[in-house]
Amino acid sequence: MINLKSIIEKFGSKGEKTGWCYIFISQELAELLKPGCKKSFRVKGRLDQLKIEKVSLIPMGEGDFIMAVNATMRKALGKQQGSEVSVNIEEDKSILEINEEFLECLSDEPSALEFFNSLAPGHRRYFSNWIDTAKANETRAKRIAQAITGLQKKMDYGEMIRWNKSKSIG
């Protein structure tokens, strides 16, 4: 576990991260959490008194990482960009559960399953969370079909969502 005080920072123009609020985690601290790791991994712990879990540290090059602090987290903390926060985190080794119905359908589509399994665990979770948030069975079935089609086309979650939106517009 690492413990530190950090300032919530915000990206200006930074590609897909433009506007993100985040906490910087230096290479030295990241090495204490998961030695030798150069790709995203999940952490759990606390930001001040806010319990967090399954939050990703994202590599920024040269061994440094960031942890996004989304609007929900900032609201719960009562903090914004420039605020100091107490960070107590460790690697989160819990297993990400994927929607069973989705996995069952994926097993019938080997190319989609292979691409799905090549994605980082957090990216696989995006698909499952999207499916899990459907309130109606019809919507859930539609989302499973859209996800599988996107995965067959080797689309990540964001690409699949944008592709499906463009189809519904035209």
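The model is predicted, so local features need pLDDT of at least 70 and side-chain atom pairs count only at pLDDT 80 or more, while totals for chains, interfaces and linings use all residues. Residues are numbered from 1 along each chain as its sequence is written, and side-chain values use heavy atoms, with hydrogens and water left out. The protein chain has seven helices and seven strands; these are DSSP runs numbered from the N terminus, where helices are H or I of at least four residues and strands are E of at least two.

**Confidence and overall form**

- The mean pLDDT of the protein chain is 92, and 99% of the residues score at least 70; pLDDT is the predictor's confidence in each residue, from 0 to 100.
- Confidence is lowest in helix H7 (residues 157–169), with a mean of 87, and highest in S7, at 97.
- From the N terminus on, the order of elements is β-β-β-α-β-β-β-α-β-α-α-α-α-α.
- The C-alpha trace spans about 45 × 35 × 30 Å along its principal axes.
- Of the 170 residues in the protein chain, 39% are buried; buried means under 20% relative accessible area, exposed over 50%, and partly exposed in between, with a 1.4 Å probe and protein chains only.
- Among contacts between residues at least 6 apart in sequence, 62% join residues at least 24 apart; a contact means heavy atoms within 4.5 Å.

**The sheet**

- Seven strands form an open sheet in the order S1-S7-S4-S5-S6-S3-S2, with antiparallel pairing; two strands pair if DSSP finds at least two bridges between them.
- S1 and strand S2 (9–10) stand at the edges with a single partner strand each, so one side of each is left without a neighbour in the sheet.
- S4 and S5 run antiparallel and are joined by six bridges; Phe41 stands opposite Leu57 in S5.
- S5 and S6 also pair in the antiparallel sense, over four bridges, and the bridge partner of Pro59 in S6 is Phe65.
- Strand S3 (residues 21–25) and strand S6 (residues 64–68) are antiparallel and joined by four bridges, with Phe24 opposite Ile66 in S6.

**The nonpolar cores**

- The largest nonpolar core has 23 residues, and those with the most contacts inside it are Ile23, Ile25, Val43, Leu47, Leu57, Met67 and Ile89; such a core is a set of buried Ala, Val, Leu, Ile, Met, Phe, Trp, Tyr and Cys residues joined through side-chain atoms within 4.5 Å.
- At least two residues of this core come from each of strand S1 (2–7), S3, helix H1 (27–33), S4, S5, S6, helix H2 (71–77) and strand S7 (84–91).
- Another core, of 17 residues, lies apart from it and includes Phe115, Phe127, Ala147 and Ile161.
- Ile161 is found in helix H7 and is buried, with a relative accessible area of 18%.

**Charged side chains**

- There are three salt bridges, a salt bridge being a side-chain nitrogen of Lys or Arg within 4 Å of a carboxyl oxygen of Asp or Glu.
- Lys34 and Glu91 form one of them (3.2 Å, N to O); Lys34 lies in the loop between H1 and S4 and Glu91 in strand S7, 57 residues apart.
- Lys34 is partly exposed at 29% relative accessibility, whereas Glu91 is buried at 18%.
- Asp48 and Lys79 form another (2.6 Å, N to O); Asp48 is in the loop between S4 and S5 and Lys79 in the loop between H2 and S7, 31 residues apart.
- Arg125 and Asp132 also meet in a salt bridge (4.0 Å, N to O).
- Arg124, in helix H5 (residues 121–132), is buried yet has no salt bridge, and the nearest side chain of opposite charge, Glu114, is 12 Å away. In this count Lys and Arg are positive and Asp and Glu negative, while His and the chain ends are not counted.

**Positive phi values**

- Most residues other than glycine have a negative phi.
- Asp48 has a positive phi of about 50 degrees although it is not a glycine.
- Lys54 lies in strand S5, and its phi is positive, near 55 degrees.
- Glu62, in the turn of the hairpin formed by S5 and S6, has a positive phi of about 55 degrees.
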